[in-house]
Amino acid sequence: MEPTLNNSIPISTKEVEDDLRASSSAALLSATHHHSSSSHSPKKTAAATFVFISLVISTAVALSAAVAFAFLFFSASPPSSRVHLDATAELSRPLSKLKHPVVLIVSSDGFRFGYQYKTHLPNINRLINNGTEAQRGLIPVFPTLTFPNHYSIVTGLYPAYHGIINNYFTDPVTGEKFNMGSHEPEWWLGEPLWETVSNQGLKASTYFWPGSEVKKGSWDCPKHYCMPYNESVPFEERVDTVLNYFDLPSDDIPSFMTLYFEDPDHQGHKYGPDDVRITEAVVEIDTLMGRLIRGLEERGIFEDVNIIMLGDHGMVGTCDKKVIALDDLASWIEIPKEWVQSYTPLLSIRPPPGYSSSDVVAKMNEGLKSGRVDNGDYLRVYLKEDLPSRLHYSASYRIPPIIGLVGEGFMVEQTRSKGQECGGAHGYDNAFFSMRTIFIAHGPQFAKGRKVPSFENVQIYNLVTAILNIKGAANNGSLSFPESVLLPTY
Ligand SMILES: [Zn+2]
């Protein structure tokens, strides 16, 4: 259907890679940096400068020698203080009972970063305290919607490259419509983890995940290992089914497993992120994590399983008074609803042939900036190729030519609504902190009590293939990312 997409995957994102490199090497460099800046002298003669430079050089040499010495002789001893040296000092722990590494990804839909502080959550806190956490959360991809993000997590690709550019959209070439029940392989590009794992002769299981029911390579949603989506299955039953996989003969225990809960996304949409019913839903998720932990402990394998608990996006409160109505732009340009593929929080517009998209963008922005459109300052529209490059949202023919970036918590509608309802939404710019979700990882390859800087969820694919020690497909994640999060193995 779209033969060229896969060939144009940029293998890594430079700015993210640079960020990571800076953060992972910062600790080692900081000793010398501090030294040279604190001994900087404003008065300099040539001689003083020479002496100063030689001092810096000799100090740097002495310091690096000391650091090298420390690595050579004390690398196996526990760190004495909370410097980042612990990443190098600590090694991954050997498996006690399982015969091969296992990664279990648990997704709690719409688990906004910060929900973990709403109340006492003993089980999630246990994973945090004894595992590795993205200190300021996991960054979703744009648009911060459920299907694009879940599929980015398992492919390492931005939506423009994995093809699921929205929860629903129309293919402009065939006119066919994608929705969350579409399982035809043509929609789903890239290589999801379950395919990578089974292509290499290992077993994978999916207890719900967008795309998991789609036939890809050697993966054809095997019976008993791949559950067809049914939201009425009780959460406890999902946990128990995953636990039962560990009772199989060793060769049949999946190396990669997924587990999915729809909450607290449901409550977030209905009541907004600050409602007491969110707290209740989060407590329920914590109880389910407790059920999982207890089941693994009873089997003596809790410390053997790499559990990655995450979400797909966050949530922000919305209210009807924060609406931008497209009809209000009529004095500048009329936008018929047939042009609009999705309204909010991802506004995407495909004008019919014969209309100039750049003309539409110019007229819309003129109206929005005029001061005469309610909340007009909270919507800007772009030709997709003019969107900020950090959004990676242009390189697919499936993405409509005009995209609107909506202010945090604002909504776009065709006609101004009369209600005063409040609720919650996601799908906004992934730079908004409210769109962040959690990354909590616990298991033999993760340091205990470690915090890592925030990262985008396209990094997770490489993280999983590194833990399983298998070769991954090309993707948008960085190849050096796993070593910045995982404990080294020897
Ligand atoms: Zn979601």
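The protein has 13 helices and 17 strands, where helices (H or I, at least four residues) and strands (E, at least two) are DSSP runs numbered from the N terminus. Of its 490 residues, 52% count as buried, a class that means under 20% relative accessible area, with exposed set at over 50% and partly exposed in between (1.4 Å probe, protein chains only).

Residues are numbered from 1 along each chain as its sequence is written, and side-chain values use heavy atoms, with hydrogens and water left out. Because the model is predicted, local features need pLDDT of at least 70 and side-chain atom pairs count only at pLDDT 80 or more, whereas totals for chains, interfaces and linings use all residues.

- Asp-109 lies in the loop between strand E1 (102–108) and H4, and His-313 in the loop between strand E7 (305–310) and strand E8 (316–319), so the pair ties together parts that are 204 residues apart in sequence.
- Both Asp-109 and His-313 are buried.

**Strand E6 and its surroundings**

- Strand E6 (256–261) is mostly covered, since six of its six residues are buried.
- Phe-256, Thr-258 and Tyr-260 point one way from E6, while Met-257, Leu-259 and Phe-261 point the other way, and all are buried.
- E1 and E6 run parallel and are joined by six bridges; two strands pair if DSSP finds at least two bridges between them, and Val-103 stands opposite Phe-256 in E6.
- E5 and E6 also run parallel, joined by four bridges, and Thr-206 stands opposite Thr-258 in E6.
- Helix H8 (residues 235–245) has as its buried residues Phe-235, Arg-238, Val-239, Thr-241, Val-242, Leu-243 and Tyr-245, and these pack against E1, strand E5 (204–207), E6 and H10.

**Helices H4 and H10**

- Helix H4 (residues 122–129) and helix H10 (residues 276–298) pack at an angle of about 60 degrees, with their axes 7 Å apart; axes are lines fitted to C-alpha atoms, for helices over the stretch in contact, and angles run from 0 to 180 degrees between N-to-C directions.
- H4 contributes Pro-122, Asn-123, Ile-124, Arg-126 and Leu-127 to this contact, and H10 contributes Asp-286, Thr-287, Met-289, Gly-290, Ile-293 and Glu-297, where contact means heavy atoms within 4.5 Å.

**The four-stranded open sheet**

- An open sheet of four strands with antiparallel pairing has the order E10-E11-E13-E12, and its edge strands, each pairing on one side only, are strand E10 (340–342) and strand E12 (379–383).
- Neighbouring strands of this sheet are turned by 25 degrees against each other on average, direction ignored.
- E12 and strand E13 (residues 402–406) pair in the antiparallel sense over five bridges, and Ile-403 in E13 is the bridge partner of Tyr-382.
- Helix H11 (residues 357–368) lies across strand E11 (346–349), E12 and E13, running at about 165 degrees to E12.

- Ser-434 is found in the loop between strand E15 (422–425) and strand E16 (439–442), and at 5% relative accessibility it counts as buried.
- Leaving aside residues up to four places away in sequence, Ser-434 touches Arg-112, Gly-314, Met-315, Val-316 and Glu-408.
- Thr-155 has its place in helix H5 (residues 146–155) and counts as buried at 1% relative accessibility.
- Leaving aside residues up to four places away in sequence, Thr-155 touches His-162, Leu-189, Glu-191, Pro-192, Tyr-461 and Asn-475.
- The C-alpha atoms of Thr-155 and Asn-476 are separated by 8.8 Å, although these residues are 321 residues apart along the chain.
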